[in-house]
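Look over the sequence and the model below before reading on.

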Amino acid sequence: MACVIASCAPSQAPAPAPSAAKPEETKPPAPEKKRLPASQRGEVSSISLTKLFELQQSGNVLIYDARPSVFYREGHIPGAISVPKSVAEEAIRVRDPELKAAKAAGKPIVVYCTGILCADARTVARLLASAGYSSSTFSGGWDEWKSAGLPTE
């Protein structure tokens, strides 16, 4: 008796019939993202350790820590506010009055994460820009701040 192989793929059982969604499984539609025209978007730049330290010491800066909150709780730049990348869109909406006040007062907004290889600060900065707020990223992040022996909380 000879065997014939018709396919390399495993046979698939028929898909189960879709069941009616339970109320707790139904999610409301996500709010529509409003994209500002290019002329109203903020810009993203970078900032050095020296300049960030100067601003932080003067209290004339709004600093966002884009690292996961567990790392923020272990230590952060004094005065920094935890805005993890994972919840940044919502945090930016909630913090809009704070951002508007900083913008009106001419306070720079700086975002940092772990270090040079961490892209979270750039992601949060881009989200800020799309909401109309210019910001700077401190690419050296927490690693450079701590290595320089600067104050921490």
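**The sheet and its surroundings**

Tyr64 has Ile81 in S3 as its bridge partner. The model is a predicted one, in which local features need pLDDT of at least 70 and side-chain atom pairs count only at pLDDT 80 or more, while totals for chains, interfaces and linings use all residues. Residues are numbered from 1 along each chain as its sequence is written, and side-chain values use heavy atoms, with hydrogens and water left out.

**Strand pairing**

- Helices (H or I, at least four residues) and strands (E, at least two) are DSSP runs, numbered from the N terminus.
- The open sheet is formed by five strands in the order S1-S5-S4-S2-S3, with parallel pairing.
- S1 (44–46) and S3 (81–82) are at the edges with a single partner strand each, so one side of each has no neighbour in the sheet.
- Two strands pair if DSSP finds at least two bridges between them.
- S2 and S3 are joined in parallel over two bridges, S2 and S4 by four, and S4 and S5 by three.
- Val110 of S4 stands opposite Ile63 and has Ser136 in S5 as a bridge partner.

**Nonpolar cores**

- A nonpolar core is a set of buried Ala, Val, Leu, Ile, Met, Phe, Trp, Tyr and Cys residues joined through side-chain atoms within 4.5 Å.
- Buried means under 20% relative accessible area, exposed over 50%, and partly exposed in between (1.4 Å probe, protein chains only).
- The largest core has 18 residues, and Tyr64, Leu99 and Leu128 have the most contacts inside it.
- Two or more residues of this core come from each of S2 (62–65), H3 (88–94), H4 (96–105), S4 (109–112) and H5 (120–130).
- Apart from this core lies another of 15 residues, including Ile63, Tyr112, Trp142 and Leu150.
- In S4, Ile109 and Val111 point one way and Val110 and Tyr112 the other, and all are buried.

**Ser135**

- Ser135 lies in strand S5 and counts as buried, at 3% relative accessibility.
- Contact means heavy atoms within 4.5 Å.
- Leaving aside neighbours within four places in sequence, Ser135 is in contact with residues including Glu43, Ile109 and Leu128.

**Helix H1**

- Leu49, Leu52, Leu55 and Gln56 are the buried residues named for H1 (residues 49–58).
- They are on the same side of H1 because they cover an arc of only 130 degrees around the axis, the arc being that of the directions from the helix axis to the C-beta atoms.
- The cover over the buried residues of H1 includes S2, S4, S5 (135–138) and H6 (141–147).
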